[in-house]
Amino acid sequence: MKNKAGTKRTISIIILLVLIAFGLWIWKYLTPYRPADNAESAMVSEGGVIVDKNDNWISFEPALTTGPAIIFYPGGLIEAEAYSTLAKRIAATGHTVYIAQMPLNLAVTKVDAAEEIIRVHPNLSFVLGGHSLGGVMASRFAAEHPDQLEGVFFLASYPDEKGSLKGTTLAVLSVLGTEDQVIDKGSYREGRTYLPDNTVYYSVDGGNHAQFGSYGPQKGDGEATISEDEQQNRTVRALQDWLGNLR
């Protein structure tokens, strides 16, 4: 009887240790990048941009709109608020921005996040885009719902085969930093084959992967030779030029 009790106790301890190890693995690999201080500050309504947040998205609405609204999918394991600085800069140019909030901070868990935003705002026209994994998932939604969008943009991202936009008439913008060491270059090159011939490519000289958002350095990334502000300002100008050609 004692041996059986000891065996059961040993098995229980092993199971407990496995659960602890699994929990630590989950914590390590699913801990998201949090917004930096400047991103937290950008969550305040000011400068003619009203910031609002609900369970599904964060909106940045300018006093005067001059073009289509923008739906934005965050990168993998990056909290939505980390893109508030970029979103506010875009909104200041006259475009309402909706940052989708993803379960577990992974766009793959809610590819259709844009659908509800579009449904709730029937009088608006939209472009959809995203950063890194967010861009991949945005392209998948766009490939299935091209009639609901005017265009798609990628920040340090690309479409995969499921998100091929090759056969659509959507306008497309692809923005990439020259110092980006996170993006898989082979997948990026393959992704270009899934883009239409009218795709606009813009290179941010000196920019890296992480500075499209405001969440600090990202593991494996290259060192940017320009500031985060400069990288985001150049990105906003590229978006402005591209959006201007949609009218």
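A polar contact is a pair of N or O atoms within 3.5 Å; within protein, one atom must be able to donate a hydrogen and the other to accept it, and residues adjacent in sequence count only if both atoms are side-chain atoms. The model is predicted, so local features need pLDDT of at least 70 and side-chain atom pairs count only at pLDDT 80 or more, while totals for chains, interfaces and linings use all residues. Residues are numbered from 1 along each chain as its sequence is written, and side-chain values use heavy atoms, leaving out hydrogens and water.

Start by selecting Ser-84, in helix α3 (residues 84–91); helices are DSSP runs of H or I with at least four residues, strands are runs of E with at least two, and both are numbered from the N terminus. The side chain of Ser-84 reaches two backbone oxygens: that of Ala-39 at 2.6 Å and that of Glu-81 at 2.9 Å. Ser-84 has 0% relative accessibility and therefore counts as buried (under 20% relative accessible area; exposed is over 50%, partly exposed in between, with a 1.4 Å probe and protein chains only). Leaving aside residues up to four places away in sequence, Ser-84 touches residues including Phe-60 and Ile-99 (contact means heavy atoms within 4.5 Å).

Next, select Leu-104, in the loop between β4 (97–100) and α4 (113–120). Leu-104 is not a glycine, yet its phi is positive, about 60°. Leu-104 counts as exposed because its relative accessibility is 57%.

Then go to Ser-132, in the loop between β5 (126–131) and α5 (133–144). Ser-132, also not a glycine, has a positive phi of about 55°.

Finish with residues 21–27, where pLDDT stays under 50 (the predictor's confidence in each residue, from 0 to 100).
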